[in-house]
Structures are given as C-alpha cells and as structure tokens.
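Subject: A structure for you to look at

Hi there,

I am passing a structure on to you, and I hope you enjoy looking through it.

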Amino acid sequence: METIRASSRSLQDHPVRAGALWFGFLCGPLAALTNEAVEYVLVSWSCGRFDSVSRILLHAVPAALIVLCIVAALVGWRAARLGSLAGDGHRMDAARSNRAFIGLVAVGLSALGALVILSQWIPVLYVNSCVMT
C-alpha cells in the first residue's frame, strides 16, 4: 500500500508540460498527413528506379511514423494518468481535469493516426508502385 502512495506522489511531482500535451495531441494527425505526402513523392520516384533502396524507403517511412504515433500515444497516456491523479483523495481541480482530457484525446488521435498510416501502408505492401490504370 505504501508503494502505491509513493509512486503516485512521485508522479505528482512531475507536472505535465504543455509541450508534451501538444506533441501527443498533434503528432498523430500530422504524421498521417506527412505519410501521405512523402509516400506520394516516393512512389513516383521509385517507379523510375528498380532498386532495393527505393523499396526500403517505401516501407521505412510508414514504419517510422507509426513508431512516432505510438510514442505520442504513450506521452498522451502519461499526461492523462498524471492529470487524473488527485492528491490525498481530494477533488480534481480544473487544470488537472483538462490535462487528463487532453491526454486521453491525444491517445485517441495518435491511435487514429497510426491506423490511417497502417491503412495507407497496406497497398504499398501488396501492390506494385508502378501499376498504371
């Protein structure tokens, strides 16, 4: 029981910074938009080249952006967890409640961004990049 109190006290000693909240909140949607723009350029570039570097880049960009979305979701989860901890059983103040809500929204947006990137990556896995209609 004492370890739970000690861990909650140590979490309360580290406040959530506004930059971490913004990172978690904006990273998922911006990563999905970045993936679409970069993949659009890479597909047209790799169509003229038939080497392994272009194929590796087509897969490295979405993989790196999914990892970035996972990191943003973890940052949002930490913010939500820190915001939801009320010290000594007291009611949560408005600032903590807002941080907890924005942290949970950041988790959702980051998960949605990772899902969008994954759905954009699936055709790259199965369809040749030089297929013309």
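Below is what was found in it, starting with the whole chain and ending with single residues.

First, some ground rules. This is a predicted model, in which local features need pLDDT of at least 70 and side-chain atom pairs count only at pLDDT 80 or more, while totals for chains, interfaces and linings use all residues. Residues are numbered from 1 along each chain as its sequence is written, and side-chain values use heavy atoms, with hydrogens and water left out.

**Confidence.** The mean pLDDT (the predictor's confidence in each residue, from 0 to 100) of the protein chain is 81, and 77% of its residues reach 70 or more. Residues 1-11 have pLDDT below 50, and this stretch has 5 contacts in the model beyond near neighbours in sequence; a contact means heavy atoms within 4.5 Å. Where pLDDT is low, the predicted coordinates should not be read in detail.

**Overall fold.** The protein chain has 4 helices and 0 strands, in the order α-α-α-α from the N terminus. Helices (H or I, at least four residues) and strands (E, at least two) are DSSP runs, numbered from the N terminus. Among contacts with a separation of 6 or more, 75% are between residues 24 or more positions apart. Of the 133 residues, 29% are buried, where buried means under 20% relative accessible area, exposed over 50%, and partly exposed in between (1.4 Å probe, protein chains only).

**The core.** The largest nonpolar core has 12 residues, including Leu 42, Leu 58, Cys 69 and Trp 121. Such a core is a set of buried Ala, Val, Leu, Ile, Met, Phe, Trp, Tyr and Cys residues joined through side-chain atoms within 4.5 Å. Helix H2 (18-48), helix H3 (52-84) and H4 each supply at least two residues of this core, and the largest share, 5 residues, comes from H3. Leaving aside neighbours within four places in sequence, Trp 121 is in contact with Leu 58, His 59, Pro 62, Ala 63 and Ile 66.

**Ser 110.** This residue is found in helix H4 (residues 94-126). Ser 110 counts as buried because its relative accessibility is 1%. Its side chain reaches the backbone oxygen of Gly 24 at 3.2 Å. Apart from neighbours within four places in sequence, Ser 110 is in contact with Gly 24, Gly 28, Cys 69, Ala 72 and Ala 73. The C-alpha atoms of Ser 110 and Gly 28 are separated by 4.0 Å, although these residues are 82 apart along the chain.

**An aromatic pair.** A search of the whole structure finds 1 aromatic pair. Trp 22 and Phe 25 form this edge-to-face pair, with 6.1 Å centre to centre and 90° between the planes. Rings of Phe, Tyr and Trp (its six-membered ring) pair if their centres lie within 6.5 Å; planes under 30 degrees apart count as stacked, over 60 as edge-to-face and the rest as tilted. Trp 22 is exposed at 53% relative accessible area, whereas Phe 25 is partly exposed at 27%.

Best wishes

Key:
Polar contact = N/O pair within 3.5 Å; in protein donor to acceptor, adjacent residues only side chain to side chain.
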